[in-house]
Amino acid sequence: MGDMVPARRLAHSFSNCAELLGAVGHKIDRDALVKCLTQEEGQALEVRKALEGRRKAAQIAPEVVERMDRLRQRLVEGLSSAASALLGVHPIPSTPGELVGLLKTSPQREKDALADTVLLNGHGQFLEPRYISAAEFRKAVKEQEKDARLALVKLVPHLQQELRKRGFEMPEDRIRKLFDPKCDDPEVPRCLKWILRNLNGEFNGGLVDIQEMVGDKDPDQWLDATRKTLQFRSHTAMHKAIAEATSLKYDCVHKALSGRHKAKRVQAEIKYCLDRWLEDVAAGRAPDIEEDYRGVPVEQVRALLPVLEQKFSCKEGMYRLIAARTGVKPGSVRRYFHSNGQLKYAPLSVYRSAEALAEEGPGRYRPRSYLADNRTRRVARRLAQRAQEVLEQWRRAGESDELEIAYKELRLALIVAIKQQAHGSAAAL
């Protein structure tokens, strides 16, 4: 620990932070802040007095002041960057005083956005929570539902996740109750208003023109191209995945997207669900889709066979290895490699596993024997000898429950030892 420093330095940094946060509507919880700055009980009292301005002439441990200075710097940097982007201010204010002046004169919507940025940056741990009433929350919901009804089945889990990002834990059933006109909860996190205000159409339960989804393309062609891009095994699989990802039932999705003559309007949830998946693919991210619904044409799997045949002396061994890695039965794996025309698509997991094997280094693939390790072989040999001795005793003794149990236990121990690559001694057995 270095030399003590004047407490007024701590008070100065604290004052800067309080002014910055106050400019966007937040207040510092001093008790929570003290816990962030020090864990020592004796030191905490002095820190609290310094924050309140009562001990400016006192001395404070330098590490406490350094933590406060770092906190202030992160706050200045985060708010400066966010304010510059929101307000189009250049150059970015770099001192607390300049930034406070800018924030105080900002429109309320921008202040709300900046207040939310503070929560998302992790500063909420030392802020006083801000609340609104359930009635005020429902007013915000009503404003959001001007164009379309919100789909609560999907919205409620989203709100819970967004609240958690901001340091609030709230069970789904409590969030759902907030939408009930009878609910009079007085402590609804205020940030929920901002979260609602920034929802996109993904959570709308209304209808949109199908052209908003497909653009100037033919709906059938667009849907088929989308299915291929997202690697769905079939249109039915795509419809099931959409139903699982939204509040819609499968029949509703299937009816909207099937048939030669498509409806002129579709549920907004369908559009935004597909939009999100397509954006993930375009950005190189894996879309959040159950693997069971996705696949590749079996021709792609069969195209890997010539390379795989050079690596495996036996096709059945290859099928068993892919089955072990994917959980698909060996018989099913075999069918994906056979050109009999019965199957059109293979699971993505099978294709990825086969592709990984094909890309492995040169030479034939030789599965590692369970008995490749010398120590495991020694343990297995001793267990096998002991099991054989007990088996012979059991046979000579005729009916003997004890010897039968002992033999079966030794046989099981032998199997376990081999599969677990045991290195220990079998003497105890």
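**Charge and overall form**

I counted the charged side chains to begin with, and the chain has 73 positive and 60 negative ones, with the centres of the two sets 3 Å apart. I note here that the model is predicted.

I then looked up the dimensions: the radius of gyration of the chain is 33 Å, whereas a compact globule of 429 residues would have one near 22 Å. Along the principal axes, the C-alpha atoms fill a box of roughly 90 × 70 × 50 Å.

For the surface I found an accessible area of about 24500 Å², of which carbon and sulfur atoms hold 48%, while 43% of the 429 residues are buried. Among the contacts with a separation of 6 or more, 69% join residues 24 or more positions apart. I listed 22 helices and 8 strands as the secondary structure of the chain.

**Helix α6**

I checked the length of α6, residues 108–120, against expectation: at 1.5 Å a residue its 13 residues should span 18 Å, and because the end C-alpha atoms are 18 Å apart, the two values agree.

Which residues of α6 are buried? I recorded Glu-110, Lys-111, Asp-112, Ala-113, Leu-114, Ala-115, Asp-116, Val-118 and Leu-119. I traced what these buried residues pack against, and the partners are α1 (7–23), α4 (62–87), α5 (96–104), α8 (152–165) and α10 (191–197).

Lastly I looked beyond the helix, where α6 is followed by Gly-122, a residue with a positive phi near 90°.

Key: Residues numbered from 1 in each chain as written. Predicted model: local features only at pLDDT ≥ 70, side-chain atom pairs only at ≥ 80, totals over all residues. Heavy atoms only, no water. Helix = DSSP H or I, 4+ residues; strand = E, 2+ residues; numbered from the N terminus. Rg over C-alpha atoms; globule rule 2.2 N^0.38 Å. Buried < 20%, exposed > 50% of the residue type's maximum accessible area, 1.4 Å probe, protein only. Contact = heavy atoms within 4.5 Å. Areas by Shrake-Rupley, 256 points an atom, 1.4 Å probe, with all protein chains shown as cover. Lys, Arg positive; Asp, Glu negative; His and termini not counted. Charge placed at Lys NZ, Arg CZ, Asp CG, Glu CD. Expected span 1.5 Å × (residues − 1).
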